Structure formats: structure tokens, C-alpha cells
Amino acid sequence: MKQQSKTIQKKVFIGILCSVILIFLDQFTKYLAVQHLKDQMPVVLWKNVLELSYLENRGAAFGIFQGKQWPLIIFTVIVLILIIYFYLMRIPAEKHFGLLNGITILFFAGAIGNFIDRVTQRYVVDFFYFRLINFPVFNVADIYVTVAAVLLILCLLFYKEEDFERILPTKKKS
């Protein structure tokens with residue numbers, strides 16, 4: 001029992017530490033974007049492919065829900081509660097589930113990063129622009145969420161049914 005408690009404490013510590021680092025990185029890059037890109041011409045990193053271009057996104061992904069901050073804030077709080085619940089209560093603190101624990105940390109850091117902007121400024125600072133495919137401008141927090149989503153899809157391919165049964169039991173125990 002003592003070993004299990006230490007394992008959970010270690011998991012919580014790692015989750016908090018990683019989240020703080022990732023959120024700091026996101027907020028720092030947004031700070032740099034405001035300082036160096038706002039009211040400036042885009043910075044071309046790779047001609048006709050990748051630019052740094054300042055944008056204040058008052059909506060969500062791909063510009064949906066423009067100007068509707070309260071529904072986005074409420075939705076984010078609900079998602080954050082679910083992420084914390086899964087991280088602390090459902091996903092085991094075993095090495096085998098390390099990827100899933102990492103995915104929840106990425107989702108959490110991405111959600112918090114944009115949540116901070118939305119609450120403090122009423123918009124999210126975006127600055128990466130893939131001109132090549134005219135992809136919507138995005139930020140580091142968006143990268144966390146996208147990477148987490150891709151990894152979650154890969155988990156569906158590599159984890160076994162028994163692994164998911166441990167996280168979300170569907171069968172009644174006899």
C-alpha cells in the first residue's frame with residue numbers, strides 16, 4: 001500500500017512539473033509573439049511554407065465560436081475536470097500506461113495555455129502559419145493538443161482491450 005501511495009505521489013509530481021513547464025513554454029512563446037510580431041509584417045521562416053504571423057483568435061479551433069468567450073470558458077473547465085479525473089483516478093500509474101498519462105498532460109497543458117489567454121485577454125494569441133496549405137494560424141498550446149490527439153489515436157492501435165477495460169470498465173464483475 002505504501003509503494004502504491006509513493007507511485008501515485010510520483011505520478012502527481014511528474015504531472016504537475018511537466019504541466020508547469022509546458023504551460024510556461026506556451027505562455028513564453030505567446031509573450032514573444034506579442035513583443036516581436038504584433039503590428040509587424042509576418043516573419044518568413046520558409047518562403048511560401050511557414051511564417052510567424054501574429055493573430056488574436058477570439059474563437060476556438062479554426063475560428064469557430066468567434067466572440068463567444070463564456071461557452072468556450074465553460075467547455076474548457078469541463079474538459080479540464082475530465083482530464084484531471086482521468087489522470088488521477090482512471091489511468092493507472094504504471095509504466096505500461098505512461099503514454100496515456102503523457103497524453104493527458106499534453107491535453108491539460110494545451111487547454112490551460114489557451115484558457116489563460118481567453119480569461120486574461122478575451123482572445124488567444126496565435127502565431128504559426130503554414131502558408132503552403134493555408135492552415136489556420138495556431139500556437140504552442142494547439143500543438144500540444146494536436147500531438148496528444150494523434151498519440152491517442154495511436155494508443156487505440158497499440159493498447160489492448162484489457163488495457164482500456166482497466167481505465168473504463170464496461171463489463172460487470174461477477
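Student: Hey, how do H1 and H4 sit relative to each other: parallel, antiparallel, perpendicular or oblique?
Tutor: Keep in mind that this is a predicted model. Helix H1 (residues 2–37) and helix H4 (residues 140–158) pack at an angle of about 140 degrees. Over 145 would count as roughly antiparallel, so H1 and H4 are oblique to each other.

Student: And how far apart are their axes?
Tutor: The axes of H1 and H4 are 8 Å apart.

Student: Which residues meet there?
Tutor: From H1 you have Leu-22, Leu-25, Asp-26, Thr-29 and Lys-30, and from H4 they meet Val-140, Ala-141 and Tyr-144. By class, that contact has 5 nonpolar, 1 polar and 2 charged residues.

Student: Switching over to Gly-110, where does that one lie?
Tutor: Gly-110 is in helix H3 (residues 98–121).

Student: Buried or exposed?
Tutor: Gly-110 has a relative accessible area of 1%, so it is buried.

Student: What is Gly-110 in contact with, leaving aside neighbours within four places in sequence?
Tutor: Its contacts are then Ala-141, Tyr-144 and Val-145. Ala-141 and Tyr-144 also turned up in H4's contact with H1.

Student: Okay, sheet time. What's the strand order?
Tutor: The order is E1-E2-E3 in an open sheet of 3 strands, with antiparallel pairing. Strand E1 (43–46) and strand E3 (124–130) are at the edges with a single partner strand each, so one side of each has no neighbour in the sheet. Neighbouring strands are turned by 35 degrees against each other on average, direction ignored.

Student: How many bridges join E2 and E3?
Tutor: Strand E2 (residues 50–57) pairs with E3 over 6 bridges, in the antiparallel sense. As for Glu-51, its bridge partner in E3 is Tyr-129.

Methods. Residues are numbered from 1 along each chain as its sequence is written. This is a predicted model: local features need pLDDT of at least 70, side-chain atom pairs count only at pLDDT 80 or more; totals for chains, interfaces and linings use all residues. Side-chain values use heavy atoms; hydrogens and water are left out. Axes are lines fitted to C-alpha atoms, for helices over the stretch in contact, and angles run from 0 to 180 degrees between N-to-C directions. Helices (H or I, at least four residues) and strands (E, at least two) are DSSP runs, numbered from the N terminus. Angles under 35 degrees count as roughly parallel, over 145 as roughly antiparallel, 65 to 115 as roughly perpendicular and the rest as oblique. Contact means heavy atoms within 4.5 Å. Ala, Val, Leu, Ile, Met, Phe, Trp, Tyr, Cys and Pro count as nonpolar, Asp, Glu, Lys and Arg as charged, and the others, Gly among them, as polar. Two strands pair if DSSP finds at least two bridges between them. Buried means under 20% relative accessible area, exposed over 50%, partly exposed in between (1.4 Å probe, protein chains only).
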